[in-house]
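Here's a quick briefing to read with the model open beside you. It goes from surface patches to salt bridges, then to a few backbone and confidence notes.

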Amino acid sequence: MQKFIFTDTPEEQNESVTNKREFYIGGSELNKMFEDFYKGDIIQNIFEKLCYFDKSSGVQPDWATFGHEAEEIIRAYVNKKYNVNYRPGCAINEEKQSRTNVDGYDENAPHQLWECKTYSGKENIDKYKKQIVYYMLRNDIDSCLLTTLSKDVLDEDGKKIRNITIEELNDEELEKRLNFHIIKLEDYKMLAEQIDKLTAEYSKLYNYISNSKLMLKFIEEYKAMIFTQNSMVETFMDSFR
């Protein structure tokens, strides 16, 4: 079991998420990592990771702002409903190069991990399973309570007319909208094995590239290209403001 550092304060949250970000493998990276391995694009994946640019000072898109604010409201609701004390946390596993930033952890809860996802359209929990299995695998945890919330407000014919607002997320609305899923590690043994093998190979390749003088030359050139590209995009967007 890795030790979780609770990240309720902005200072701790920022440090846990961004410190040595390019070195660790985060749960949100798993889907793209699998996809890039199958496509043969894993070298580019690592280049992009090594060339990570901190954009935390930028303005978040509306969907991200809603997700963060909704998560806090839903966490408080779940804690009250199930008499638990989930708190956002971060755990680092240096040996595995893993960084798990979880929406909630409570060592005394029946399901020690809690994850919260908001969605539009049809619910699809399969896209969250790699991330959740990774969190359980790296922290020796047996199960996770996944809570999902539909953002869609529908008309009488079942057609979406708008997104629900943060102000509308009261207990009555949450009771109607929330779905709860128990994800157990024992049900995903094959996926856990695949994640273990893939991340191990990824770490080997990452460490080889990051320590190779020849590859570092290409990385610096790649960074320069990305910087130029981003500057061009910003200039282009500024012309419409």
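Patches here take residues with over 30% relative accessible area and no salt bridge, joining like charges within 9 Å and nonpolar side chains (Val, Leu, Ile, Met, Phe, Trp, Tyr) within 5 Å. Accessible areas are from the Shrake-Rupley method with a 1.4 Å probe, and for residues only the protein chains shown count as cover.

This is a predicted model, where local features need pLDDT of at least 70, side-chain atom pairs count only at pLDDT 80 or more, and totals for chains, interfaces and linings use all residues. Numbering runs from 1 along each chain as its sequence is written, and side-chain values use heavy atoms, with hydrogens and water left out.

**Helix H8**
- Met237 is partly exposed at 41% relative accessible area, on a scale where buried means under 20%, exposed over 50% and partly exposed in between (1.4 Å probe, protein chains only).
- Leu216 is also a helix H8 residue, and at 34% relative accessibility it counts as partly exposed.
- The C-alpha atoms of Leu216 and Leu50 are 9.6 Å apart, though 166 residues separate the two along the chain.

**Negative patch**
- Asp140, Asp142, Glu186 and Asp187 gather into a surface patch of negative charge.
- For charges, Lys and Arg count as positive and Asp and Glu as negative, while His and the chain ends are not counted; each charge is placed at NZ of Lys, CZ of Arg, CG of Asp or CD of Glu.
- Asp142 is in the loop between helix H5 (126–139) and strand S6 (143–150), and Asp142 is exposed, with a relative accessible area of 61%.
- Asp140 belongs to the loop between H5 and S6 and is exposed too, at 53% relative accessibility.

**Positive phi**
- Asp140 isn't a glycine, yet its phi is positive, about 55°.
- Asn83 also has a positive phi, near 55°, and is a residue other than glycine.
- You'll find Asn83 in the loop between helix H4 (62–82) and strand S3 (87–93), exposed at 71% relative accessible area.

**Salt bridges**
- The structure holds 16 salt bridges, each a side-chain nitrogen of Lys or Arg within 4 Å of a carboxyl oxygen of Asp or Glu.
- Lys197 pairs with Glu193, with the closest N and O atoms 3.2 Å apart; both are in helix H7 (residues 189–210), four residues apart, about one turn of the helix.
- Lys197 is exposed at 54%, whereas Glu193 is partly exposed at 45%.
- Asp41 and Lys39 form a salt bridge with their closest N and O atoms 3.7 Å apart, and Asp41 is partly exposed at 28%.
- Lys204 and Glu201 meet in a salt bridge too (3.5 Å, N to O), three residues apart in helix H7, about one turn of the helix.
- Salt bridges that share partners link Lys32, Asp36 and Glu48 into one network.

**Confidence**
- The protein chain averages a pLDDT of 87, and 88% of the residues score at least 70; pLDDT is the predictor's confidence in each residue, from 0 to 100.
- Among the chain's elements, helix H1 (residues 10–18) has the lowest mean pLDDT (58), and strand S9 (residues 178–184) has the highest (98).

Conventions
Helices (H or I, at least four residues) and strands (E, at least two) are DSSP runs, numbered from the N terminus.
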